[in-house]
Amino acid sequence: VASLAELEVLCNHLYEGTDLAQRLQAEKVLLELINSPECLSQCQLLLEQGTTSYAQLLAATCLSKLVSRASPLPIEQRIDIRNYILNYVASQPKLAPFVIQALVQVIAKITKLGWFEVLKDQLIFRDITADVKKFLQQSREHSKHRKIATSFRDTSLKDILMLACSLLKELLAKPLTIQDRQQESLAMHLLKLVLNCLNFDFIGNSADESADDLCTVQIPTNWRTIFLEPGTLDLFFDLYHSLPPMLSQLALSCLVQFASTRRSLFSNPERAKYLGNLIKGVKQILENPQGLSDPGTYHEFCRFLARLKTNYQLGELVMVTDYPEVIRLIANFTITSLQHWEFAPNSVHYLLTLWQRMVASVPFVKTAEPHLLDTYAPEITKAYITSRLDCVPVVIRDGLEDPLDDTATVFQQLEQLCTVSRCEYEKTCTLLVQLFDQNAQNYQKLLHSSSRNPLEITVQEGRLAWLVYFVGTFVGGRLTYTSTDEHDAMDGELSCRVFQLISLMDAQLPQSSNEKVELAILWFLDQFRKTYVGDQLQHTSKVYARMTEVLGITDDNQVLETFMTKIVTNLKYRGRCEPVILRTLQFLNDLSADISLTPATYSLLKKLVKIEAVKFMLQNHTSKHFPFLGISDNYSLSDLRCRTMFYTALTRLLMVDLGEDEDEFENFMLPLTVSFESVTQIFNSSFEQEEAKRMLIGLARDLRGIAFALNTKTSYTMLFDWIYPAYISVLQRAIELWYQEPACTTPILKLMAEFMQNRSQRLNFDVSSPNGILLFREASKMICTYGNQILSLGTLSKDQVYPLKLKGISICYSALKSALCGNYVSFGVFKLYGDNHFDNVLQAFVKMLLSVSHSDLLQYRKLSQSYYPLLECVTQDHMSFITSLEPRVLIYILTSISEGLTAIDTIVSSSCCASLDYIVTYLFKHIAKEGKKTLRCREISQDGQRLFNFMQQNPEVLQQMMSILMNTIIFEDCRNQWSVSRPLLGLILLNEKYFSELRATLINSQPDSKREVLDQCFRNLMEGVEQNLLVKNRDRFTQNMSVFRRDMAEALRSEGASDPGSLDMMS
C-alpha cells in the first residue's frame, strides 16, 4: 500500500510532470491502484488528508473508474460511496471546481448505471433529487454544486427544472451583489442545470449538435404548465438583463432552447401568446443592445433569432403586435453586424439563416398583414455586398486573415444570400452592375497608370474577386427560383461584365495573374454552365440577348468556346498555381461528364469536340504546351495528382468520335509512348533513378485517368494491347525497386486496381482472347512482389505504418477484390494447368493480412473497406482455400469477422455478415451431406471435414458470433437487419443447445412478470422455420426476426425491466 506522500508525488508526476517517462510510470502505478483491493481506502485517504487538489482529483478519477467497471460493486457499497461524496462536498466549501465536477460525475455514474437496481423492493438509486434537496437545505450556499444533475429520467427531470427555476427566482429577488462570487457561481451552475434539462435527449435520437439549425426540443407534454406560465420566459429575459456577460450568455442559451420548443406542445392561441412573449423579449434586448457587445452573448442572440424562424411560420410572426417594429430592429441589427465583419464572423450564419428562411416563406403567407421583407431584404443584401468589398483593403493592409480563404463558409453564406437577393432582385442587380463598373474602371486605370501601385492593384483585384463570386451566386440561384425574362436579362447584364473581365485578366498573361480572381471566375463559369448551358434552358433565353449585343455571344455553342479557351489559357499559363489548375481541371471534368448520363450530355460533348481549343488539347497534351504535365524538380511529387483528372476528361472527349479507330488512339497515346520508351531506356542503361521515378509516377497517374474513362470493350482492348506486355513489365520493375516509397508505389498500384475493374463489362474479352487471364497474372505478380517486399520492412512506427504499408495493402486488396468478382477469369483453369499465379496471390493476401493487427484492420477506414469486401468474395467462391488454411490463420480471419460485426461502418458489418453466412452455409451443407454419405461426395468432404473438425475444436468461435448478432438485434440500433438475419439462422441451426442457453440467460435476468412475454417472443422467432438453409426458409426467418426485434424492444422498454446494460449477452 502506497503512503500518502508517495501518492501525492505520483499525482504531481501525472498532472504537472513534464518528464514523459515519469508520467508513464505514474500512470502504471495508478492503474495498479485502481485494480487493487485497497483502492477505496486509498481514495478515502487522498480525499481526507490530501494536501493538493490533484490528490482529490485522483481519488475522484479512481472512484469513477471503480463504479464503471463491468463487474459492479455491491449495491450497499455504491450507496455508501454516493452518500460519502455528498457529505464530503457539503463539508468542504473550498474544493476546486474541477474536483467538484469530478466527484459529481461519480454520483451521476452511480445513479445512471444503477437506475434499474432494486434493494428491499425499492429502486434505490432513483431518490437522487430528494438527496440533493436535503443537501441544499443543509448548505444553501453550496447550491452551486447543483450540477449533480441526476438520474436523467423524466421522473426527476421536471422536478429538477422547477427546482432550478425557483432558486433562480429567489436569486433574482435579492439585491444582486455581483462581488459575491458565491452567488455568481450559484447563478452559473443553476443556468447550466436548466440548459442541461432543456438539452436533454428526450426522444433518444441523439441529435447531431453540428446541425444546429434543425433543432426542435421535444419537451414532454407533462411540462406544459411550466411553458404556459408567462413568468418562465420573463424570468430568463430578466436574468439576461441583470447578470454580467458570462452569465447573460447562459440565460440566452436557455432562451434558444425555449424558442425551439416543439410546436405541438401548444394549441394555436397558446402558441401565438408564447411567440408574442418571445418577440417582446427580442424587442427589449434590441432596444438596449449594450449587453450584445460581448462576442459570446452576441453569438447566442444570433442563434436565438435564427430559431424564431426555424420553429414559427412567417404567417405567425407577422400577426404578432410588435412585428413591424421588431423586424425593423432586427434588420438594423443585421446590417450593423454585417458592417462589423471582423466581429464574431461565425455568428453571421445565423442572421443570414433567419433572413433566408423569411424570404423563402414569402410565397406561402396568406395573411393580410404586411411582412415588410421587400423593404428590408434588399438592404440586407446591400449591406453584405458592400461590407465584403470594404473589408478587402483592411485585410490586405493589416495582413489579416482573408474571409475569402475560408471557401466553405463563403459558399454557405453566398447560398443564403442568394435567397435573400431574389427578393426585389432588380435592386440587387442594379447595385451589382454599378459596383462592378466602378471597380472595373478603377482597375483598368490602375493597370494603365505609369506608377502602377501594386498594393492598390491587389485591393482592386480582391474587390473584383468578391464581385465575381456575387455574380456567380446570383446566376446560379436562377435554378432554384421561378425566374422571369427580366431576371434573365439582368443575369445577362451581370454575366457580360465577368466575360469582359476574363479578357482583361488574360490579356495580362503571362506577366501577372491573381489567384483569387481566377478562382472566382472559375466558380462563376461553373454556375453559368449549370444554369444557361445545355438542355437546362430554351436558347431563346434573354440572357443571350444582352450578351449578343455586347460580346457577340449568341448561344451556348459560343459560350462553350469561351469556356474551352479559358481552360486552355489557364493550363498553359497558370501551371505554377496549383489551386487554379485544380479548379480548372474540375471544371473541365464537369464539362466532359460521363457520356452515359443523358442524350443532352452527349450532344454537349459533340459540340465540345468541334471546338478548336479541344482539338488542340487532344493533339498536344505535352509539357511543352501544358507546363503542369512537366516532371521537373520544381514540382513536388504530390503536384502530379491532378494529371489523372486531366486525362479522364481528355479521354472522354477522345471517346466521342473514336469508335474503332486504332490509329487515332495510337496518335493520342504518342506522348505517353515516348515517355515509356525513355523510361525503358533509363532502366536498361545508367539508370537515373530520380528522373525515371518522376516519369513513371506521372505515367501511372495519366494512365489511370485514361483507363477510368475507357468504358467500352473496344476502347479498353486498345489500351490493353498498347500496355501489354512491354510497358506493364516496366511497372513491375518499379514496384520491385521502389517498394518502400509510397509516392511511387501508390499510383502504380492504383493504376493496376483500375485496370482490374470490369466496369460496364469492358473486360469481357472475346472467347478466343486470353487477355483476362494474362491481366490477372500481371496483377498477381505485382501484388505478390509488393506483399513480399513490404513485409521485409519489419515493424514500423505508428506514424509510418499506414503510409508505408497499410495504404499499399488496402489498394492491393481492392485490386484483388475487383479481379475475384469481375467475372472475366475462370480461376479453375489455373489449377488445371499447374499455373500457380492464383494460389500465390491468395497466399500473399494471407501473409499481408497476418502482418496487420486486428485493431488496425478496423481503425483505418480504407483498409477495412477493402479487406472485408475481399473476404466476402473469397468466402463466396473459394471456400476450399479457406478450409486449407492453418488453424491460427482461420482463427485470425474469424476473429476479424467477429470484431467487424459490430463496426459502425455498414459496409464492414454487412460484409462480415455475408462472409460469416458463406462459412456457416458451407459447414451446414457439409454436415447435411455427411448424413447421407454417397461415393460422389468424398472429395468435397475432405475440405468440409477440415472445417468441421476445426469448429468442433473451437466451438466458442461461432458461439461468440451468435451472441454478438443476438445482442445487436435485441439491444443495438441495427441498421442492416437483413444482413444480420442471414448468418444468424445458420448459427442457430448449428448451435441449438447454445441458443437455448442464451435464451434462458436473457429470460431469467428479467422480472417474473416479463418472462412469459419474452419466452413467447423467442417461440415466435422460430415459428414455421425449418431445419434447412433454403432461400424460402431464410426469408421466413428474416420476417420473423423483424417482428421479434420490435416485440423484444417493446417488452424490455416498459417500466420495471432490469438494467439492459447487465443483459449484454457478451458477458
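Select Glu424 in this predicted model, in the loop between α19 (407-421) and α20 (425-448). Helices here are DSSP runs (H or I, at least four residues; strands are E, at least two), numbered from the N terminus. Residues are numbered from 1 along each chain as its sequence is written, and side-chain values use heavy atoms, with hydrogens and water left out. Because the model is predicted, local features need pLDDT of at least 70 and side-chain atom pairs count only at pLDDT 80 or more, while totals for chains, interfaces and linings use all residues.

Check the backbone of Glu424: phi is near 60 degrees, a positive value in a residue other than glycine. Glu424 counts as partly exposed, at 32% relative accessibility. The classes are buried (under 20% relative accessible area), exposed (over 50%) and partly exposed in between, with a 1.4 Å probe and protein chains only.

Asn823 is not a glycine, yet its phi is positive, about 70 degrees. Its relative accessible area is 71%, so Asn823 is exposed.

For another backbone feature, select Tyr724 and Pro725. The peptide bond that joins Tyr724 and Pro725 is cis, with omega about 0 degrees. Pro725 sits in the loop between α32 (713-723) and α33 (726-737).

Now select Asn667 and Leu618 together. Asn667 belongs to helix α30 (residues 662-684), and Leu618 to helix α28 (residues 612-619). The two residues are 49 apart along the chain, and their C-alpha atoms are separated by 9.4 Å. Which of the classes, buried or exposed, applies to Leu618? Leu618 is buried, because its relative accessible area is 18%. Asn667 is exposed, with a relative accessible area of 56%.

Two packed helices are described by the angle between their axes and the distance between the axes. The axes are lines fitted to C-alpha atoms, for helices over the stretch in contact, and angles run from 0 to 180 degrees between N-to-C directions. Show α1 (residues 4-15) and α2 (residues 20-35): they pack at about 130 degrees, with axes 8 Å apart. That makes α1 oblique to α2. The angle classes are roughly parallel (under 35 degrees), roughly antiparallel (over 145), roughly perpendicular (65 to 115) and oblique (the rest). The crossing of α1 past α2 is left-handed, meaning that the near helix is turned anticlockwise from the far one by less than a right angle; clockwise would be right-handed.

Then show α3 (residues 39-49) and α4 (residues 53-67), which pack at about 150 degrees with their axes 8 Å apart. These two helices are therefore roughly antiparallel to each other. Their crossing is left-handed.

The last stop is inside the protein. On a 1 Å grid over the protein atoms alone, a cavity is a set of points where a 1.4 Å probe fits but cannot get out, and lining residues have an atom within 4 Å of a point. Grid points are joined across faces, edges and corners, and a volume is the space filled by probe spheres set on the points. There are three cavities of 30 Å³ or more. The largest cavity has a volume of about 80 Å³. To see its lining, select Ile279, Leu308, Leu317, Tyr323, Val326, Ile327, Ile330, Leu354 and Met358. Helices α16 (323-339) and α17 (348-361) each supply at least two of the lining residues; the largest share, four residues, comes from α16. What classes of residue line the largest cavity? The lining has nine nonpolar, no polar and no charged residues. Nonpolar covers Ala, Val, Leu, Ile, Met, Phe, Trp, Tyr, Cys and Pro; charged covers Asp, Glu, Lys and Arg; the others, Gly among them, are polar.

Key
1 Å grid on protein atoms, 1.4 Å probe; cavity = no way out; pocket = protein on both sides within 12 Å on 5 of 7 lines; lining within 4 Å.
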